[in-house]
Amino acid sequence: MTDKIPIDLLDDGGSALYVSERKVYPRDVDGRLQRLRKIAVFVLLGMFYVFPWLSWDGRQAVLFDLPARKFYVFGLNFWPQDFIFLAMLLVIAGMALFFFTTLAGRLWCGYACPQTVWTEVFLWIEQWTEGDRARRMKLDAGPWNRDKWLRKGGKHVLWLLFALWTGFTFTGFFTPIHDLAARAPLGWGAWEVFWVLFYALATWGNAGFLREQVCKYMCPYARFQSAMFDRNTLLIAYDPMRGEPRGPRRRGLASVLERGRGLLGLDAATDYVFRFAHATQKVASAGTTSFVDAGLKAEPLPKFEPEALGDCIDCTLCVQVCPTGIDIRNGLQIECIACGACIDACDQVMDKMNYPRGLIRYSTQNAIDGKPSRVLRPRVFVYGLLLAGLCAAWAWGVTHRSPLIAEVLRDRNALYREVAGGRIENGYTLKLVNKTVAPQRYTLTLQAPAGIELVGGERHIEAAAEQVMEIPLALSADASVRGRQPITFNIASVDGQAREDVESSFFGPVE
């Protein structure tokens, strides 16, 4: 005989092929971690929206000029020949992911991920237009009246305006933003219109509608993070040995550490978590994920005397504030983005109950289980040293790269030509690139065996800022010069900041 399938998992056709996501209504909470997240939002979005408008030496401070194949980041400019530094940045990003995840879990997801940052702003707009969590839930459940149309419409208008501004700013990193603004919108090209609307639509859809579903189903990081975790990784965890069995109680009941009950054993505490999850058969405040496994059966919960209760009062605030709708009391889950909202909510409840903070806290799995824990362990140091070395190498490479590119190409139509006076000439083309954003003056000299001369003598070359030049050159030698002769062109800036020595060959008659 098979178990009955809950009716809410069935679609109209009676098959359990799909269950729609219930909307998550995260409750606003204040606390030290949420204040830190808000600072991160303002700093990161401030950088995104302000940097394109800044000027640096008469140009846009941050500009990725794809048609010209040049990137500008404040005082730095990058050419296609500097692609290695982009590759190094990707390696550094990967190593940083390993380091911070091994050390403290999903810090990127909770504080710096664009999905998290823009979703936070969209939630602020939603709270401002529709009210707090209870009012938003009531509004969605109510009929479509004038108030609902105004609030919902106003929210989407603000969302759309913010999304369009985001798309415009994004495009402004690739097209000079002052020019883009001056031509807006009728003077924009087709690609400019496409990217403004595409990025606006992506922002509106991801931050306004998909929200936590991006983190739960679309982001691959949630799936492979466990490969970088171990039992000494800092993560947001609930202490079941202190909190279980959970339940409401009268005011004045002291904490388990103060009334002598002490901590439960790990096995008993884990069993209570499992049984509580199965007893409710859902996340308490209509979240979207559950600890329940229909294939396992849990024993019923007994009735607990007040003195036997743990410090968790089962207020479910930790679930209500969670942006992905999970219950952290059920243990670490892939949906957790480590935002710390549950920590701040639980700390406020503990303060009101006069209990010690930290029922939900940043800790390691070993520490929660009462075992020895060591956050700073060998692989953290290895990742840290590799990351520091890569960053130092990247910084040294960027600051010590040559601001000059010089190449010499021989005329391949003929090895040599005879000119008046019985002399031999070879033709060359000097390709010179001034990578700096200022005009430069270069001196060209020749280092060659006796008898080979640079026609016209030493050259002085004036190059404008970021100018690419092709300069024809000719070398002359007496007819007595035979065969292949090694030569070197020396190009140096007058200020001594750049120098390139390019080796080539001079060919004379072969006997």
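I take helices (H or I, at least four residues) and strands (E, at least two) as DSSP runs, numbered from the N terminus. The model is predicted, and local features need pLDDT of at least 70, side-chain atom pairs count only at pLDDT 80 or more, and totals for chains, interfaces and linings use all residues. Residues are numbered from 1 along each chain as its sequence is written, and side-chain values use heavy atoms, with hydrogens and water left out.

Entry one, helix 6. I located Val157 in helix 6 and noted it as partly exposed, because its relative accessible area of 47% lies between the limits for buried (under 20%) and exposed (over 50%), with a 1.4 Å probe and protein chains only.

Entry two, strands. I found that strand 15 (residues 484-493) and strand 16 (residues 499-507) pair in the antiparallel sense over nine bridges, where pairing asks for at least two DSSP bridges between two strands. Phe489 has Val502 in strand 16 as its bridge partner, and in the hairpin, with five residues between the strands, Gly496 takes a positive phi near 80°.

I counted 30 aromatic pairs, taking rings of Phe, Tyr and Trp (its six-membered ring) with centres within 6.5 Å, and calling planes under 30 degrees apart stacked, over 60 edge-to-face and the rest tilted. Phe99 and Phe100 are edge-to-face, because their ring centres are 5.0 Å apart and their planes stand at 75°. Phe99 is buried at a relative accessible area of 15%, whereas Phe100 is partly exposed at 40%.
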